[in-house]
Every structure is written in C-alpha cells, then in structure tokens.
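Please work through each task before reading its solution.

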Amino acid sequence: PMSLPGGGSVRNEFNESYGSNVSLLTGLRRSVNTVFVDEAIDVGPAKVRQAITSSGIPDDAPGLETNARIPLGIASVSPLQMALGYSTFAGEGMRPKKAYSIQRVWAVDDPDKMLIQAPKQPDRVRVFSRDIARDVTYAMEQVVRNGTGTEALAVGTDVAGKTGTHGVDDKTLTAWFVGFTPELSTAVSFYRGEETQEDLDGVGGEGTAAFFGGGFPARIWTAYMSAAVELPGYDGGTDFP
C-alpha cells in the first residue's frame with residue numbers, strides 16, 4: 001500500500017506492485033492506482049479537480065474532495081455525467097454545454113407534433129486544447145487495444161475507453177466501462193442494492209468471483225455500441241484523428 005499525505009493509504013488491485021518507474025500511459029492501460037495518486041500529489045489535487053470539472057463533472061458532485069485520491073474516481077456521478085465528460089475527448093477538447101437525457105418526445109394525440117427535441121449539435125465550449133484531448137484519447141485507445149478494456153475491440157471501429165472498479169476492503173461496490181467512438185460516448189455502470197450498496201463479486205456466476213469493469217460492464221457497452229454504430233443516425237465516423 002502507498003501512504004498518503006495526512007494519513008491513510010491506497011493500493012492496487014490484489015496489492016500488486018508495478019515498481020517505481022511506471023508511465024502514465026502504462027498506468028492508465030493497466031489501471032494502476034498508485035501511479036495516478038502519485039501524480040496527483042506531484043501536480044496538486046486542485047489541478048486534477050479542475051480537469052475533472054472542466055470535462056463536465058459537476059463541481060458539487062458528492063465526494064469530490066480535493067485530496068490525493070481524487071484521480072481514482074471518489075465522487076458519486078451518474079452515467080450521463082460520465083458520458084458527457086468522455087464526449088469532451090471525443091470532441092477534441094470541446095465540451096457540450098448541456099447533456100440531454102431525452103432526445104425526443106412526441107404528443108400522444110398527434111404523432112407529428114414534437115414536444116421536445118434536443119439539438120443534434122448542442123452548443124459547445126472549448127475546455128482542453130486539441131493536442132491534450134488527442135493525447136488522452138490515444139491513451140484510452142491503448143486501454144482497449146492491450147489493456148483492461150480489450151472486450152471493446154469487438155465494436156470494430158476506433159474505440160477509446162476506461163474500465164473502473166470501486167471497492168471497500170474485499171467488496172466490489174461499483175464497476176464501470178465508459179468509452180467513445182469518434183461520434184458517440186456511452187457509459188455503463190453496475191451496482192447492487194438500493195438503500196445500501198452490496199458486493200458485486202460473484203454476480204453472474206462462475207468466473208466472476210472478482211467483478212471488474214472490464215467484464216460485464218464492458219460486454220454490455222460493446223454490445224450496445226456495436227449496434228449503435230450500425231444505426232442510420234450514426235454519422236459514420238470510424239477513425240480518430
């Protein structure tokens with residue numbers, strides 16, 4: 001375990017040690033917690049928080065505390081907010097000003113009357129330079145190509161994404177896969193329980209004694225995205241710049 005300023009510690013999955021000379025690219029590809037905590041200590045957690053909120057995560061998200069653990073995903077956010085944040089990198093640093101959870105609503109008594117329609121191209125604001133966004137996208141492509149998110153290769157187009165698994169002690173409480181193609185950003189989250197979160201380990205039967213974001217969440221993401229990129233409304237972008 002890695003000791004943190006002010007007390008406490010953080011560890012990698014299964015307490016694995018990756019040595020003292022691990023790049024950020026390798027850390028992202030292999031989900032090495034200690035690499036990013038160390039980087040947060042180096043640059044300052046406030047800068048990490050600024051990048052998080054710039055991408056679209058609400059500044060008042062519960063648990064978004066400015067400490068060394070902030071790169072690990074300590075805040076409570078929704079799949080819609082995560083998809084919005086990742087779309088900023090798909091958009092080469094341009095973030096939509098608003099996320100829409102409903103695309104269209106028609107009147108019940110008049111199928112030709114549209115009551116609500118989200119804009120196809122919402123207003124966007126630049127929050128990262130194109131070069132930074134492309135670098136992040138490249139790193140998340142490696143997660144899919146030869147890291148923890150290889151399940152997403154089956155989509156068949158350029159894909160960038162990140163697995164996420166959060167637990168306490170030996171319990172897995174949430175598991176994510178969030179990723180994007182050049183045209184579409186999608187988030188999948190697993191949790192169990194209503195009033196309290198319950199352990200996901202073992203859910204799904206044999207082979208899921210340890211429940212990871214690269215498993216069921218990535219499989220569902222891949223199944224959905226494989227179908228989505230074939231729909232007529234998909235604009236056809238298949239390659240990142």
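A residue is called buried under 20% relative accessible area, exposed over 50% and partly exposed in between, with a 1.4 Å probe and protein chains only. The model is predicted, so local features need pLDDT of at least 70 and side-chain atom pairs count only at pLDDT 80 or more, while totals for chains, interfaces and linings use all residues. Residues are numbered from 1 along each chain as its sequence is written, and side-chain values use heavy atoms, with hydrogens and water left out.

**Exercise 1.** Determine whether F240 and F180 are buried or exposed, and describe the ring pair that they form.

Solution. Step one: F240 has a relative accessible area of 13% and is therefore buried. F180 counts as buried because its relative accessibility is 0%. Step two: rings of Phe, Tyr and Trp (its six-membered ring) pair if their centres lie within 6.5 Å; planes under 30 degrees apart count as stacked, over 60 as edge-to-face and the rest as tilted. F180 and F240 form an edge-to-face pair, with 5.6 Å centre to centre and 75° between the planes. Step three: this pair links distant parts of the chain, with F180 in strand β8 and F240 in the segment after α6, 60 residues apart. Helices (H or I, at least four residues) and strands (E, at least two) are DSSP runs, numbered from the N terminus.

**Exercise 2.** State how many aromatic pairs a search of the whole structure finds, and characterise the pair of F89 and F128.

Solution. Step two: F89 and F128 are stacked, at 5.4 Å centre to centre and 10° between the planes. Step three: F89 belongs to helix α4, whereas F128 lies in the loop between β6 (124-126) and α5 (130-146), 39 residues apart. Both F89 and F128 are buried.

**Exercise 3.** Explain why the buried residues of α6 line one face of the helix, and name the strands they pack against.

Solution. Step one: the buried residues of α6 (residues 216-228) are P217, A218, W221, T222, M225 and A228. Step two: seen down the axis of α6, these residues fall within an arc of 130°, so they line one face; the arc is that of the directions from the helix axis to the C-beta atoms. Step three: they pack against β8 (171-180) and β9 (185-191), where contact means heavy atoms within 4.5 Å.

Key
Expected span 1.5 Å × (residues − 1).
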